[in-house]
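Keep the sequence and the model in view.

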Amino acid sequence: MKIKKILVSQPKPTTDKSPYFDLAEELGLKLEFKSFIKVEGVTAKEFRQERINILDFTGIVFTSRTAIDHFFRICTEMRVTVPDTMKYFCISEAIAFYLQKYIVYRKRKIFYGDKKVEDMTKILLKHKTENFLVPVSDVHKENIPALMDELKLKYTKVVFYRTVANEVANDIPDLKEFDIIAFYTPAGIKSLFQNYPDFEQGQTIIAAFGEATAEAATESGLRLDIKAPTEKAPSMTMALEQFIKAYNKENKSK
């Protein structure tokens, strides 16, 4: 019995150059992509209940494009005009450039690091008198808030959007048709049991990317068969490839 079909709990790649397609071609696999989670923005009504006045802040800290989208969405819905004097602090150059979607980039005060939280230390300390707003999801890493606590900066962390379960079961009524299901977030594991409350793993191979996802899988009673990243498999596709080759070789005569 060979592994033939994999469910990847992410949106389908937008380019044909994805390593997932290379993996499928090399090993003769059939892949199906379906995101188990989706992002929903908090409503203007919910935001008002937080009693947050955006114009009280002099700096905004962004860790993702999604945070940028929902910050400006809330501003539009609440008819808040962000002043030209607002300072923007982004964890990477790519996220900073994404601001061009909403502001005239060259005319604003924009600062960015090099993808690492540590890179933000010098930048934030140079602006330690600012009053920072940090837009986040309901499920988020605490690295930036922890850093700002350490630097004793004045900031407020506010939920602008949340991660919720996607209605997967409508499109995929039976998970038993898949040999492997790959997960990438703890929220994806949670969504699995919300969509399939009677799910029993059986022979289904479960793959998890990241420590938090692996921990969520085992805490939910799942048998974790594939874990990434590792030293030998820094990506999910590499972990899948190594496991499938070994599995197919072992089961070749069965």
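Q: How many bridges join strand E10 to E11?
A: This is a predicted model. Strand E10 covers residues 205–209 and runs parallel to E11. Ile 206 stands opposite Leu 224 in E11. The number of bridges joining the two strands is 4.

Q: In what order do the strands of the sheet with parallel pairing lie?
A: The sheet is open and has 5 strands. Its edge strands, E2 (30–33) and E11 (224–228), each pair on one side only. On average, neighbouring strands are turned by 20° against each other, direction ignored. The order is E2-E1-E9-E10-E11.

Q: At about what angle to E11 does helix H9 run?
A: Helix H9 spans residues 236–250. It lies across strands E1 (5–8), E9 (180–183), E10 and E11. Its angle to E11 is about 140°.

Q: Which strands stand at the edges of the sheet with mixed pairing?
A: This open sheet has 6 strands, in the order E3-E8-E7-E4-E5-E6. Two of them have a single partner strand each, so one side of each is left without a neighbour in the sheet. They are E3 (37–41) and E6 (109–112).

Q: Which residue in E6 is the bridge partner of Lys 87?
A: Strand E5 (residues 87–90) runs parallel to E6, and 4 bridges join them. The partner of Lys 87 in E6 is Lys 109.

Q: What angle does the direction of helix H6 make with that of E8?
A: Helix H3 (residues 65–77) packs on the sheet and makes about 105° with E8. Helix H6 (residues 143–150) packs on the sheet too, touching E4, E7 and E8. The angle between H6 and E8 is about 170°.

Notes: Residues are numbered from 1 along each chain as its sequence is written. This is a predicted model: local features need pLDDT of at least 70, side-chain atom pairs count only at pLDDT 80 or more; totals for chains, interfaces and linings use all residues. Side-chain values use heavy atoms; hydrogens and water are left out. Two strands pair if DSSP finds at least two bridges between them. Axes are lines fitted to C-alpha atoms, for helices over the stretch in contact, and angles run from 0 to 180 degrees between N-to-C directions. Contact means heavy atoms within 4.5 Å.
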